[in-house]
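Let us walk through this structure step by step. Keep the sequence and the 3D view side by side as you read.

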Amino acid sequence: MAKGYWVSVYPAISDPERLTAYDKLAGPAVRAGGGRVLSSGGRVVAHEAGITQRVVLIEFDSFEQAVAAYESEAYRKALVAFPDGVERDFRIIEGID
């Protein structure tokens, strides 16, 4: 079965401290949904049209599990805390089996 991934790229973060409230709720929600954080704001080398801001990569055992975690009540509560002034490109993708 192919794994599922959450891929988030943050082109703009005007107030990084406010992102902390979201992170405190999102982390437990992701783990409860079976997610494993593979990368979260580490070093980035950008090429072509890439950006060097925060990139987060989370792995799930399946694509369906990744979608279910996003739709969970716990993660919805985290989204309420997602701050204004933070731009995010978020995707759920299916890995190659």
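**From a loop to the salt bridges**

Start at A46, which sits in the loop between β2 and β3. The model you are looking at is predicted. How exposed is A46? A46 counts as partly exposed, because its relative accessibility is 32%. Set aside the neighbours within four places in sequence, and A46 is in contact with I51 and T52. Now look across to K77. A46 and K77 are 31 residues apart in sequence, and their C-alpha atoms are 32 Å apart in space.

Is R54 buried or exposed? R54 counts as buried, because its relative accessibility is 19% and the cut-off for buried is under 20%. The side chain of R54 makes a polar contact of 3.4 Å with the side chain of D23. D23 is also among the residues in contact with R54 beyond its neighbours within four places in sequence. That list holds S8, V9, Y10, I13, L19, S40 and G41 as well.

Take one of those partners, S8. S8 belongs to strand β1. S8 is buried, because its relative accessible area is 4%. Leave out the neighbours within four places in sequence again. S8 then touches R54, V55 and V56, and also R88, D89 and F90. So far we have followed contacts. Next come the charged pairs.

How many salt bridges does a search of the whole structure find? The search finds 6. Three of them are worth a visit, one at a time.

Begin with E59 and K3. Their side chains meet in a salt bridge, with 3.5 Å from N to O. E59 lies in strand β3 (residues 55-60), while K3 lies in the segment before β1 (4-13), so this pair ties together parts that are 56 residues apart in sequence. How do the two partners sit? E59 counts as buried, because its relative accessibility is 12%. K3 counts as partly exposed, because its relative accessibility is 33%.

Move on to R36 and D61. Here the side chains meet in a salt bridge of 3.0 Å, N to O. This pair links distant parts of the chain. R36 is in strand β2 (residues 36-40), and D61 is in the loop between β3 and α2 (63-70), 25 residues apart. R36 counts as partly exposed, because its relative accessibility is 31%. D61 is partly exposed as well, because its relative accessible area is 43%.

Now return to K77. Which residue does K77 pair with in a salt bridge? The partner is E73, and the closest N and O atoms are 3.7 Å apart. E73 counts as exposed, because its relative accessibility is 60%. K77 counts as exposed too, because its relative accessibility is 51% and the cut-off for exposed is over 50%.

One last step ties the earlier pairs together. Salt bridges that share partners join K3, R36, E59 and D61 into one network. Find these four residues in the 3D view. K3 comes from the segment before β1, and E59 from strand β3. R36 comes from strand β2, and D61 from the loop between β3 and α2.

Conventions
Residues are numbered from 1 along each chain as its sequence is written. This is a predicted model: local features need pLDDT of at least 70, side-chain atom pairs count only at pLDDT 80 or more; totals for chains, interfaces and linings use all residues. Side-chain values use heavy atoms; hydrogens and water are left out. A salt bridge is a side-chain nitrogen of Lys or Arg within 4 Å of a carboxyl oxygen of Asp or Glu. Helices (H or I, at least four residues) and strands (E, at least two) are DSSP runs, numbered from the N terminus. Buried means under 20% relative accessible area, exposed over 50%, partly exposed in between (1.4 Å probe, protein chains only). Contact means heavy atoms within 4.5 Å. A polar contact is a pair of N or O atoms within 3.5 Å; within protein, one must be able to donate a hydrogen and the other to accept it, and residues adjacent in sequence count only if both atoms are side-chain atoms.
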